[in-house]
Amino acid sequence: MEDKIIKQISMFAENKPGRLANIASNFRKSGINIRAFTIAEAGDFGIIRMVVDRPDDAHEVLHNAGFTVSETNVLGIEMEDVPGGLGKIADVLGERNINIDYAYAFVTKTEKALLILRVNDIEGAILVLQGAGIKLIDMADIQQI
Amino acid sequence: MKEYWNPWIERMPVSELEKIQEKKLIDLVNYVYRHSDFYKKRFDEAGVKPGDIKSLEDLQKLPFTYKRDLRDTYPTGMFCVPNEQLVRFHVSSGTTGKPTVVGYTQNDIDVWTTSLARAMTSIGVGRGDIVQVGYGYGLFTGGLGAHYGAEEVGATVLPVSSGNTERQIELMQDLGSTVIACTPSYFLFMNEVANTTGISIKGETQLRVGIFGAEPWTEEMRRRIEEFTGIKAYDIYGTSELSGPLFTECMYQDGIHIWADQFLIEVIDPVTGEQLSDGERGELVITTLAKEALPLIRYRIGDITVINRGECKCGRTHPRIMRVLGRVDDMLIIRGINVFPGQIESVLMKIPQVGEHFMIVVDRINELDVMKVQIEMTDEAFSDKVNDIMALESKVSSSLKHVLNIAVKVELVEKGSLPRSMGKAKRVIDNRNL
């Protein structure tokens, strides 16, 4: 089950010019690749969430650069490119009373749609999603896409 | 280890101390009237003659002196001795106006040193200690004051001055400093720098005592410093006009002992100038009983405090002032309500998720005062859910509102983004043009 958990990099950033450029240059120097990226903004601040190929290294690089950063456990789901794909996931989790804290999607080079989810019960979510035949990706998949 | 520097004077019955004060006060008013045109004029204007002062009760007949008097008579117009009798000058930073100059005779330096020797002994600092002085040396009185006091009690002084933080930590480790003297905000910064280089002040230095002052700080900040670094943190008090840092708390950390044979203190209502009873909060007024070059009569030092004349558990009979809440000058008036930065610090330090650095920003928007408090996000408090962060902001905001009675906007900023100070911390940005 552990291998289906993806380590997402989350960081606190003030809403001001130059913050993203600073992150990007730290990653470029360390050769870290960003696979997925989103910003949840709330007025004066934002929370940046990223899936990267080497999360432990990314955490260290950002921490040493003085950022407030954490690694958060999330799920990566390979979406079926058919109508109702998202609804099925939401239904399965909803039936088990598992709450989605947040979600965002991205498309890979191989034209697959991937959904990143943070839930309040990650192990329960893995069980019910796999039970419903939904494909979860792991860190090895993240490195290859 | 000595318990008292001068047990006879420090444990003298209050009635005998008051006799000393009375005699010295009477001598003082005669001395300043004869030796200073400034005081002669000030007394004459108030219709007071030296002969009117016969007892301590007559103190109230004397006119006040103010910081602005020192500025108006810049540089040496209030001095009572000719320059050739001076052994030293110090000059205040002038952050709140024109700089002020203070001068010392040899006896003034000796009295200052004795005051600190008593204070340092009362917190168990003496022979065998290595006192790292991180206050600035030079025109500021903090560095040299702590230096002379520490030498007097037989400690070894490490005169690092302020700044050069990595070096401070390296020397603290290599030489085994047991005492640090600097501003509390600078010590927090030192601790932060030590942590980022993987050094624990608690586990990897010999430090056991901190002597912190030159800026107001709170009981809650003391608890944090003691918890983080494993030292005992003591408050030190004094200003350049009085000579420099002079007084500290004793081991019991229950108020700062003011040596009654050298200084006469009262607390007044800052608006009416009336004396308040012991235990009432008001503005501290100090009369110097032993200074020669620049004696001050009923000097309005501007700090808000409470006097406690009860005997201390340490056995000292001299009165104590309780922790200085803030300066009259630092008080902010927000929509008609008085707010001291210390009240804000006190609220913030009770909330574990809030770090040690904060900034108060006041603006006037559409004729309305708006106060914002910026606090730094910490690694421990960070959650990647927006709701959690908003909840923290509103928790801090409602705690502040509960104490201050005004709405405060709380803004979380990135760690390390607020200014760090190596001297007196700046905690307020007032953008109103008042």
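Visitor: What is the handedness of the crossing of helix 11 of chain B and helix 12 of chain B?
Guide: This is a predicted model. In it, the axes of helix 11 (residues 341–349) and helix 12 (residues 386–404) of chain B come within 10 Å. The crossing of helix 11 and helix 12 of chain B is right-handed.

Visitor: At what angle do the axes of helix 11 and helix 12 of chain B cross, and what does that make helix 11 to helix 12?
Guide: The two axes of chain B cross at roughly 135°. Angles over 145 would count as roughly antiparallel and 65 to 115 as roughly perpendicular. Therefore helix 11 of chain B is, relative to helix 12 of chain B, oblique.

Visitor: How many residues of the contact of helix 11 with helix 12 of chain B are charged?
Guide: Helix 11 of chain B brings B:Q343, B:I344, B:V347 and B:L348, which meet B:V396, B:S399, B:L400, B:V403 and B:L404 of helix 12. These divide into seven nonpolar and two polar residues, and the number charged is none.

Visitor: How many charged residues has the side of chain B that touches chain A?
Guide: In chain B, 15 residues are in contact with 15 residues of chain A. Helix 12 and strand 20 (408–413) of chain B each supply at least two residues of that side. By class, the side of chain B has seven nonpolar and two polar residues, and its charged residues number six.

Visitor: What is the radius of gyration of chain B?
Guide: The C-alpha atoms of chain B fill a box of roughly 75 × 55 × 40 Å along the principal axes. A compact globule with 434 residues would have a radius of gyration near 22 Å, and chain B agrees, with 22 Å.

Key
Residues numbered from 1 in each chain as written. Chains lettered and ligands numbered in written order. Predicted model: local features only at pLDDT ≥ 70, side-chain atom pairs only at ≥ 80, totals over all residues. Axes fitted to C-alpha atoms, helices over the stretch in contact; angles between N-to-C directions. Helix = DSSP H or I, 4+ residues; strand = E, 2+ residues; numbered from the N terminus. Parallel < 35°, antiparallel > 145°, perpendicular 65-115°, else oblique. Left-handed = near helix turned anticlockwise from the far one by under 90°. Contact = placed C-beta atoms within 7 Å. Nonpolar A, V, L, I, M, F, W, Y, C, P; charged D, E, K, R; others polar. Rg over C-alpha atoms; globule rule 2.2 N^0.38 Å.
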